[in-house]
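Have it open while you read, and go through the points in order.

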Amino acid sequence: GALPYFDLQAIAQLSGESRHTLRVQLCRWIKNGKIVPLRRGMYALGVRYRRNPINPMTLANGLHSPSYLSFQWALGYYGLIPEMVVIYTSATTRSPRTFQNEFGKFKYRHIKSDFFFGYKSLETDHRHVQVAMPEKALLDFWHSEPGEWTEERMDSMRFQGLDNVSMKRLEEFAERWDSPRLNRAVVEWKAYVKKETQGARVL
């Protein structure tokens, strides 16, 4: 009851029952609302049986691991874009996947293992969640979207909360990525920030 979610392997180890027997029982429990499916082979207890609420941020890390929240969701989380992002977008070294359950929609984009860095552990509901730093969320997003990131394109995104981004860390992360396209995006970001900052001073 204290676990936010569990999988078939954990149940098999705890119960000692065969997987066939467990699958039959799990189907019965799903029908009567004792458990809810999260994805194939992963479940959560029904509302009446949970000791703790389930946080979708925590669930995002567990549905398809290793992974960390990034891209549009992280940009919205840090207030870098004005829109509220309802899809939990994550970076993973595994294959891309999308899951939908009663807690939300969870989308995973593949990145190379060399680029699986730049995230930190945040505590929410007494559990730790892996979330990209603002600078890495930007680079992940720029990398995932095709085409050049010009100053005009950034302007169309209506980026905000620019003080949340460390220019030094952004440049360091981009150097580790070793991508000419991302390096050009960083140059355009500098121009965009400068323009927005000067415009705010004029106002």
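1. Which strand is joined to β7 by five bridges, and in which sense do the two run? The partner is β6 (residues 97-101), and the two run antiparallel. F99 stands opposite F106 in β7, and a hairpin of two residues links β6 to β7. A word on terms: strands (E, at least two residues) and helices (H or I, at least four) are DSSP runs, numbered from the N terminus, and two strands pair if DSSP finds at least two bridges between them.

2. Before going on, remember that this is a predicted model, where local features need pLDDT of at least 70 and side-chain atom pairs count only at pLDDT 80 or more, while totals for chains, interfaces and linings use all residues. Residues are numbered from 1 along each chain as its sequence is written, and side-chain values use heavy atoms, with hydrogens and water left out.

3. Now look at β7 (residues 104-110) again, this time with β5 (residues 87-92): they pair in the parallel sense, over six bridges. I87 has K105 in β7 as its bridge partner.

4. Another hairpin to find is the one formed by β2 and β3, with two residues between them. Four bridges join β2 (residues 35-39) to β3 (residues 42-45), and the strands run antiparallel. V36 sits opposite A44 in β3. Check G41 in the turn, which has a positive phi of about 85°.

5. What about the inside? The largest nonpolar core has 52 residues, and L139, W142, F159 and W189 have the most contacts inside it. Helix α8 (residues 180-202) gives the largest share of this core, six residues. Apart from it lies another core of nine residues, including F6 and Y43. Such a core is a set of buried Ala, Val, Leu, Ile, Met, Phe, Trp, Tyr and Cys residues joined through side-chain atoms within 4.5 Å; buried means under 20% relative accessible area, with a 1.4 Å probe and protein chains only.

6. Not counting residues up to four places away in sequence, F159 touches L75, L80, I81, L138, W142, M154, W189 and Y192; contact means heavy atoms within 4.5 Å.

7. Last, two helices: the axes of α5 (residues 134-144) and α7 (residues 167-177) come within 9 Å and cross at roughly 45°. Axes here are lines fitted to C-alpha atoms over the stretch in contact, with angles from 0 to 180 degrees between N-to-C directions. The residues making the contact include L139 and W142 of α5 and F173 and W177 of α7.

Note on methods:
Buried means under 20% relative accessible area, exposed over 50%, partly exposed in between (1.4 Å probe, protein chains only).
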